[in-house]
Amino acid sequence: MMMNNNIAYWNVRGGHLASKQAEVKHLIKDQKLQLIAISETKLNKVQSELACKYIAHDWEHEDNLQSDPYGRLLVLWNSKVLNLTKLNEDDQFIHFSTSLTSSNCPFLITFVYAQNNLDKRLFFLSNHFSLSHTNLPWIVLGDFNCMFSS
């Protein structure tokens, strides 16, 4: 049996809005997602809990509200398909150890929403690569707030 293990990252710009939450819920269903990270949610802890119950009531979730009270990142996943354990977080990322429930092949996944401020972003980038000292496969998804050219 082949399982669908689609993942997504979306800078939703306003996850506190009911219309944005409905769009995320629709995206999960339409794309058959098993894991999604949304950034720029603008949710506090109570709003985050309510949004998760509405978007995917039987899924697990993590956020980085301990590092940033403005709800920069929210990660939701189907725990029937994926095991996620948060290893690290700050205001610009959440880093997980991950595996499929159907196998014991671990990998790492990091979701990023980098600061607009260049100094803060450079600090993040220099510290973030210290997470990479591993032989495990590693997926990094996100909004790095960087332009390649202007």
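Of the 150 residues in the chain, 41% are buried. The model under discussion is predicted.

**Overall architecture**

The chain contains 3 helices and 8 strands. Read from the N terminus, these elements follow the order β-α-β-α-β-β-β-β-β-α-β. Along the principal axes, the C-alpha atoms occupy a box of roughly 45 × 40 × 30 Å. The radius of gyration is 15 Å, and a compact globule of 150 residues would have a value near 15 Å, so the chain agrees with that expectation. Among contacts between residues at least 6 apart in sequence, 56% link residues at least 24 apart.

**Surface and charge**

The accessible surface of the chain amounts to about 8600 Å², and carbon and sulfur atoms account for 54% of this area. There are 13 positive and 14 negative side chains in the chain. The centres of these two sets are separated by 5 Å.

**Two buried loop residues**

Asparagine 64 belongs to the loop that connects β3 (60-63) with β4 (73-77). Glutamine 92 is placed in the loop between β5 (82-90) and β6 (93-100). Because its relative accessible area is 0%, asparagine 64 is classed as buried. Glutamine 92, with a relative accessibility of 3%, likewise counts as buried.

| Side chain | Backbone atom reached | Distance |
|---|---|---|
| Asparagine 64 | Oxygen of aspartate 90 | 3.0 Å |
| Glutamine 92 | Nitrogen of glutamine 115 | 2.7 Å |

Beyond its neighbours within four places in sequence, asparagine 64 is in contact with Arg72 and Leu73, and also with Glu89, Asp90, Asp91, Gln92, Phe93 and Ile94.

The contacts of glutamine 92, with residues up to four places away in sequence left out, include Asn64 and Leu73. Further partners of glutamine 92 are Phe111, Val112, Tyr113, Ala114 and Gln115, together with Lys120, Arg121 and Phe124. Glutamine 115 provides the backbone nitrogen that the glutamine 92 side chain reaches at 2.7 Å.

Terms used
Residues numbered from 1 in each chain as written. Predicted model: local features only at pLDDT ≥ 70, side-chain atom pairs only at ≥ 80, totals over all residues. Heavy atoms only, no water. Helix = DSSP H or I, 4+ residues; strand = E, 2+ residues; numbered from the N terminus. Buried < 20%, exposed > 50% of the residue type's maximum accessible area, 1.4 Å probe, protein only. Polar contact = N/O pair within 3.5 Å; in protein donor to acceptor, adjacent residues only side chain to side chain. Contact = heavy atoms within 4.5 Å. Rg over C-alpha atoms; globule rule 2.2 N^0.38 Å. Areas by Shrake-Rupley, 256 points an atom, 1.4 Å probe, with all protein chains shown as cover. Lys, Arg positive; Asp, Glu negative; His and termini not counted. Charge placed at Lys NZ, Arg CZ, Asp CG, Glu CD.
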